[in-house]
Amino acid sequence: MSCGEPHETDCSEVLDHLYEFLDHEMPDSDCTKFETHFEECSPCLEKYGLEQAVKKLVKRCCGQDDVPSDLRSKVMGRIDLIRSGQAVPDQDVTASGPKLREA
């Protein structure tokens, strides 16, 4: 995703670290770079807005549920596999934990 214009911070870097930005888990200097990028790049700004909305929806709908302690590490492991381009196993990451409620 890119608007086709050159940026000081590459779109792929912004999208790779979008959740760190959303979760306020990056240094202020990096946050400033991302904010500047969003001002210049409407496709990345749109993706940021979408992910921010999804995050708020999940928090509102699932914020009170207890999460099994190992679920986060399983989900993060799956995300790392996807980001690295490796094959992702078909097994459900929640197979050993309680089933999630269907909407």
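This is a predicted model: local features need pLDDT of at least 70, side-chain atom pairs count only at pLDDT 80 or more; totals for chains, interfaces and linings use all residues.
How many salt bridges does the structure hold? I counted five.

**Layout**

I started with the fold. I found five helices and zero strands in the protein. Read from the N terminus, the elements go α-α-α-α-α. Then I checked burial: of the 103 residues in the protein, 18% are buried.

**Salt bridges**

Back to the charged pairs. Side chains of opposite charge can pair when their charged atoms come close. I went through some of the pairs one at a time.

In helix α3, which covers residues 28-40, I looked at Asp30 and Lys33. Their side chains meet in a salt bridge, at 3.8 Å from N to O. The cut-off for a salt bridge is 4 Å, so 3.8 Å gets this pair in. The two residues are three apart in the helix, so about one helical turn separates them. Asp30 comes out as partly exposed, with 25% relative accessibility. Lys33 is partly exposed too, at 31% relative accessible area.

I also wanted to know which residues are linked with Asp30 and Lys33 in a network of salt bridges. Glu13 is the one I wrote down: Glu13, Asp30 and Lys33 are linked in such a network.

Next I moved to helix α4, residues 42-62. Here the side chains of Lys47 and Glu51 form a salt bridge with an N to O distance of 2.9 Å. Lys47 and Glu51 sit four residues apart in α4, so about one helical turn lies between them. Is Glu51 buried or exposed? I have Glu51 down as buried, because its relative accessible area is 12% and the line for buried is drawn at under 20%.

I looked up both ends. Asp70 is partly exposed at 33% relative accessibility, and Lys74 is partly exposed at 30%.

**Cysteines**

How many disulfides are there? I got zero. A disulfide is a covalent bond between the sulfur atoms of two cysteines. Cys11 itself is buried, with 4% relative accessibility. I checked Cys61 as well, and at 45% relative accessibility Cys61 counts as partly exposed.

**Surface patches**

I then turned to the surface. Glu8, Asp28, Glu35, Glu39 and Glu40 gather there in a patch of negative charge. From this group I picked Glu40, which I placed in helix α3. Glu40 is partly exposed, with 46% relative accessibility.

Which residues form the nonpolar patch on the surface? My list reads Tyr19, Leu50, Val54 and Val58, and together they have about 330 Å² of accessible area. Helix α4 gives the most to this nonpolar patch, contributing three residues. I followed up on Val58, which lies in α4. Val58 is partly exposed, with a relative accessible area of 45%.

Pro6 sits in the segment before α1, the helix spanning 11-16. Pro6 is exposed, because its relative accessible area is 74% and exposed starts at over 50%. I also took down its spacing to Cys41: Pro6 and Cys41 are 35 residues apart in sequence, and 9.5 Å apart in space from C-alpha to C-alpha.

Where is His24 found? I traced His24 to the loop between α2 (18-22) and α3. Its phi is near 55 degrees, which I flagged as a positive value in a residue other than glycine. His24 counts as exposed, at 69% relative accessibility.

Note on methods
Residues are numbered from 1 along each chain as its sequence is written. Side-chain values use heavy atoms; hydrogens and water are left out. A disulfide is a pair of cysteine sulfur atoms within 2.5 Å. Buried means under 20% relative accessible area, exposed over 50%, partly exposed in between (1.4 Å probe, protein chains only). Patches are made of residues with over 30% relative accessible area and no salt bridge: like charges are joined within 9 Å, nonpolar side chains (Val, Leu, Ile, Met, Phe, Trp, Tyr) within 5 Å. Accessible areas come from the Shrake-Rupley method with a 1.4 Å probe; for residues, only the protein chains shown count as cover. Lys and Arg count as positive and Asp and Glu as negative; His and the chain ends are not counted. The place of a charge is taken as NZ of Lys, CZ of Arg, CG of Asp or CD of Glu.
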